Amino acid sequence: MTLPRLVIRNLSCGRGERALFRDLDMTLEAGEAARILGENGSGKTTLLRTLGGLQSPLAGDIEWQSATPSDDGEPILLQDDLCFIGHENALNGALTPVENLDVLMRLSARRVTEKRIVETLTDLGLKRVARRPCERLSAGQKRRASLARLWLTDAPLWLLDEPASALDVDARGVLCARIDSHVSAGGVVVFTTHEELAIANGSVRRVELAPC
Amino acid sequence: MLSVFWAVLRRDLLLAFRQRGVLVHHLLFFVLVVALFPLGTGADAAVLVTVSPALIWMAVLLAALLSLQRLFRPDYEDGTLEQYVLSPEPLALIALAKVVAYWLASGLVFVLASPLLVLLLGVPAHAVPVIMASLLLGTPTLGLVGAIGTALTLSLPRAGLLLSLLIFPLYVPVLIFGAGAMRAAISGLPSAGALYLLGALLALGITTAPFAIAAALKISLE
């Protein structure tokens, strides 16, 4: 069995024609995390969106080597192995966290029982609001509900854009522990944060985006 | 693969049910456009019957334009659209599920409300089945075509006017054959030809529009 691996070669990303950064080289092996650093507007979100495939790079390429053996001979693409948590929570205000998560998991081609979703939300301290419309949740609660995907998914590659925003100290600790356990189990994580996330075991690479 | 279709369809129908006030607004808009028209033309029954096909279809077009704005906009704003595009499942299938749910919650409601409205305009009762059939075949096409336009204009802040400029020309065939079927039915002529053409347009729409919507959504997110 091969280990998962993310290889980035000579990557230049930008908005429109204007490049935000150029020639990024990075190889992330199984069990490695990368924290993307850079000032506001340096292209952190753009990098994550490009890695996920939401926008195409200006130059360079991104290669994902999957560890999952494919059963029908078709290659496993990055999309199959991906859990992407963006700036927005992807929660619809009129639906409850349980309903939102159910659809989000199905969209990532993973089926999770409702019982498991409720259990996960309970563990994250959202038991009382699990069946309340998301528009009535606080910003921190919404973020937690959105991050619950990290406990529900078995995807090896995580792309997290400011996962700790709006979280309190406790929740941030829980998130760090989860990223840690994922990395220890051989996952690959690329994330951006403004504040340091204390990740103990796994090695966290710091990647600075230099404006060009 | 089909499970994602049902999941998205169920989600959007649930949303439509939770936000049923919006549906009522669209239906009221549709009814009011038709109901206000006779106040402008006077109470000449013959005139009303003559213009009723055009009137019903224009009301449907306007109501569709109004309701289409909300098809992808909430998902675009809350980040769910990113998850659709990132999904390993085919985006065209997800887009089709959204349009089907949209049609069930708006187009179908217009179809069901139409008999009352056309009778109000004095259209003979024998024409009602054909009128309903033409709306039943025509409104899904309006939804599919409109969804392409909505998806294309998503990233623009005030897309309403541009959307209408973009999709109204594409609505012309549906308008011609839809109103044509109604006119034929009212004057007692065979209307099957126009209905068949509406059906053909719908078949073309269902098979090709989802791919165009998917491509447009990707462009809007770039």
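A:Glu32 has A:Val188 in β7(A) as its bridge partner. The chain reaches β7(A) from β6(A) through helix α6 (residues 169-184) of chain A, and this β-α-β crossover is right-handed. Right-handed here means that, with the strands pointing away from the viewer, the path from the first strand over the helix to the second runs clockwise. Helices (H or I, at least four residues) and strands (E, at least two) are DSSP runs, numbered from the N terminus.

This is a predicted model: local features need pLDDT of at least 70, side-chain atom pairs count only at pLDDT 80 or more, and totals for chains, interfaces and linings use all residues. Residues are numbered from 1 along each chain as its sequence is written, while chains are lettered from A and ligands numbered from 1 in the order in which they are written.

Stay with strand β7. Strand β3 (residues 32-37) of chain A pairs with β7(A) in the parallel sense over five bridges. Two strands pair if DSSP finds at least two bridges between them. Strand β6 (residues 157-161) of chain A also pairs with β7(A), in the parallel sense and over five bridges. Here A:Leu160 stands opposite A:Phe191 of β7(A).

How many of the five residues of strand β7 (residues 188-192) of chain A are buried? Five of the five are, so the strand is largely enclosed by the rest of the structure.

Now widen the view. The open sheet has five strands in the order β5-β6-β7-β3-β8 (chain A), with parallel pairing. Its edge strands, β5 (82-85) and β8 (203-208) of chain A, each pair on one side only. The twist averages 15° from one strand to the next. β3(A) and β8(A) pair in the parallel sense over six bridges, and A:Leu37 has A:Glu208 in β8(A) as its bridge partner.

Another open sheet has three strands in the order β2-β1-β4 (chain A), with antiparallel pairing. β2 (18-29) and β4 (59-65) of chain A are the edge strands, each pairing on one side only. Strand β1 (residues 5-15) of chain A and β2(A) pair in the antiparallel sense over eight bridges. The bridge partner of A:Gly14 in β2(A) is A:Ala19.

Next comes helix α1 of chain A. α1(A) lies across β3, β5, β6 and β7 of chain A, at about 150° to β6(A). α1(A) also lies across β1, β2 and β4 of chain A, at about 125° to β1(A). Axes are lines fitted to C-alpha atoms, for helices over the stretch in contact, and angles run from 0 to 180 degrees between N-to-C directions. Eight of the nine residues of helix α1 (residues 44-52) of chain A are buried, so the helix is largely enclosed by the rest of the structure. Among them are A:Leu47, A:Leu48 and A:Leu51. A:Gly53 follows α1(A) with a positive phi, near 100°.

Finally, chain B. 23 residues of chain B are in contact (C-beta atoms, placed from the backbone, within 7 Å) with 25 residues of chain A. α1(B) gives the most to the side of chain B that touches chain A, with eight residues.

Conventions:
Buried ≥ 20, exposed ≤ 12 C-beta atoms within 10 Å, placed from the backbone. Contact = placed C-beta atoms within 7 Å.
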